[in-house]
Amino acid sequence: MKSRWFIIFTIIVLITVNIFSDSNEGLELNEESGKLKQIAGNWFLNTGEDIIKLSLAPKEFLKEIKLELSSQMELTVKGSSIEDEFVVYSLEIAESEYQLREETGDTLWEVKPYKVIAEKCIGCRLCVPACPQNAITMVDGIAVIDADKCDGDGICKNGDDKNYKGCPVDAIEQKE
Ligand code: SF4
């Protein structure tokens with residue numbers, strides 16, 4: 001009788017260990033190919049059937065790995081669709097492959113979120129629509145950046161190379 005309970009207990013332990021080891025494996029990644037297009041500071045991939053918003057990496061990191069993107073560039077991205085974005089883990093352009101994230105989804109750059117210096121903010125709201133991560137909201141007339149959403153790209157502070165020229169009163173800084 002005792003040995004039967006021991007066998008049942010062992011089976012339960014093995015099943016539990018198996019479930020937890022499976023959950024630690026990386027996500028299954030999808031692949032999409034198409035032409036790149038930049039709209040208002042955001043990158044999109046036109047696959048011919050769909051236009052997908054891409055979540056890439058901060059400009060500084062792209063520069064560091066010598067990845068220069070331009071509209072109409074043909075590329076293949078590997079990643080995972082999360083909400084309305086395609087989070088890019090790696091991309092391939094011609095024969096070159098660029099890695100942006102680990103298989104676990106961890107970024108290969110250190111995320112240093114930005115914050116608003118409340119005393120300096122004049123409440124102009126210009127940074128709110130400029131943030132590609134929708135990380136900025138107005139609270140009591142002052143901009144507030146959600147550090148969990150911020151990917152450290154610095155567009156709120158420095159501008160988006162398009163219409164937004166960055167915070168006009170230099171009220172945004174990167175956390176140490
Ligand atoms: S752009 Fe600068 S001043 Fe304007 S709301 Fe954002 S942080 Fe405040």
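A quick word on terms: pLDDT is the predictor's confidence in each residue, on a scale from 0 to 100, and a contact means heavy atoms within 4.5 Å. You're looking at a predicted model, and over residues 15-24 its pLDDT stays under 50. Among the elements, helix α1 (residues 2-23) comes out with the lowest mean pLDDT, 53, while strand β9 (residues 142-145) has the highest, 98. For the protein chain as a whole, the average pLDDT is 86, and 85% of the residues score at least 70.

Now for the ligand. The space it takes up is the largest cavity. Around the ligand you'll find V116, C121, I122, C124, R125, C127, A143, Y164, C167, P168, V169 and I172.

What about the rings? The count comes to one aromatic pair. F61 and W109 make up that pair, with 5.2 Å centre to centre and 45 degrees between the planes, which puts it in the tilted class. The pair ties together distant parts of the chain: F61 sits in helix α2 (residues 59-64), whereas W109 is in the loop between β6 (96-99) and β7 (114-116), 48 residues apart.

Methods: Residues numbered from 1 in each chain as written. Predicted model: local features only at pLDDT ≥ 70, side-chain atom pairs only at ≥ 80, totals over all residues. Heavy atoms only, no water. Helix = DSSP H or I, 4+ residues; strand = E, 2+ residues; numbered from the N terminus. Near = heavy atom within 4 Å. 1 Å grid on protein atoms, 1.4 Å probe; cavity = no way out; pocket = protein on both sides within 12 Å on 5 of 7 lines; lining within 4 Å. Sits in = over half its atoms within 2 Å of the grid points. Phe/Tyr/Trp six-rings, centres within 6.5 Å; stacked < 30°, edge-to-face > 60°.
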